[in-house]
Amino acid sequence: MKDLELDLDALRRVINLILDRMEQEAGSSRVAVTLDNYWDVSSFMRYDFSKVPDGQTFEHGQLYHDWEFLTAILEDETQAVRPMLMHVAPLLRYLGERGY
C-alpha cells in the first residue's frame, strides 16, 4: 500500500462541497433519517484483513445517539475532540447510502 497523508483542510472542503450539493438538490438543509440502528465491525477488526469478522466482532450503533453526541458539541465546544469523529462516520455513511 502506498503511504497516505490526509490534508484536513482538503477533506473539510470536499465534505462541505458534497453537503452543499445535497442541500442544493434537496432544497433543504434537513434530511429525514428513516433508519436508526446499524451494525459495525469492531474497531480492532476493521483494518485487520488477516481475520474474517464473525458474529462476535460486530457492534451495534444508533444514528440517533451519534447525532446526540455530536450536537452536544454545539453546547460545549470542549467536547470537539478527535474520538467524536467516530460518531460522524455512521451519519455520513447513511447519507451516502440512503440519499435524501
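**Charge, fold and salt bridges of a predicted chain**

The chain carries 10 positive and 18 negative side chains, and the centres of the two sets lie 5 Å apart. In this count Lys and Arg are positive and Asp and Glu negative, while His and the chain ends are left out. Each charge is placed at NZ of Lys, CZ of Arg, CG of Asp or CD of Glu.

The structure is a predicted model, in which local features need pLDDT of at least 70 and side-chain atom pairs count only at pLDDT 80 or more, whereas totals for chains, interfaces and linings use all residues. Residues are numbered from 1 along each chain as its sequence is written, and side-chain values use heavy atoms, with hydrogens and water left out. The mean pLDDT (the predictor's confidence in each residue, from 0 to 100) is 92 for the chain, with 98% of residues at 70 or more. Where pLDDT is low, predicted coordinates should not be read in detail.

Four helices and two strands make up the secondary structure, arranged along the sequence as α-β-α-β-α-α. These elements are DSSP runs numbered from the N terminus (helices, H or I, at least four residues; strands, E, at least two). Along the principal axes, the C-alpha atoms fill a box of roughly 45 × 35 × 30 Å. Of the 100 residues, 17% count as buried; the classes are buried under 20% relative accessible area, exposed over 50% and partly exposed in between, with a 1.4 Å probe and protein chains only. The chain exposes about 8700 Å², of which carbon and sulfur atoms supply 56%. Accessible areas were computed by the Shrake-Rupley method with a 1.4 Å probe, and for residues only the protein chains shown count as cover. Of the contacts (heavy atoms within 4.5 Å) with a separation of 6 or more, 49% are between residues 24 or more positions apart.

Four salt bridges were found in a search of the whole structure, a salt bridge being a side-chain nitrogen of Lys or Arg within 4 Å of a carboxyl oxygen of Asp or Glu. One of these joins Asp 9 to Arg 13, with an N to O distance of 2.9 Å. Because Asp 9 and Arg 13 are four residues apart in helix H1 (residues 8-26), about one helical turn separates them. Asp 9 is partly exposed at 39% relative accessible area, as is Arg 13 at 49%. A network of salt bridges links Asp 9, Arg 12 and Arg 13.

Asp 40 and Arg 46 form another salt bridge, with the closest N and O atoms 2.9 Å apart; Arg 46 is partly exposed, at 28%. In the salt bridge between Asp 48 and Lys 51, the closest N and O atoms are 3.2 Å apart. Asp 48 has a relative accessible area of 22% and is partly exposed, and Lys 51, at 48%, is also partly exposed.

Glu 23 belongs to helix H1 and is partly exposed at 36% relative accessibility. With residues up to four places away in sequence set aside, Glu 23 touches Ser 28 and Ser 29. Arg 30 lies in the loop between H1 and strand S1 (37-41) and is exposed, with a relative accessible area of 69%. Its C-alpha atom is separated by 15 Å from that of Leu 63, which is 33 residues away along the chain.
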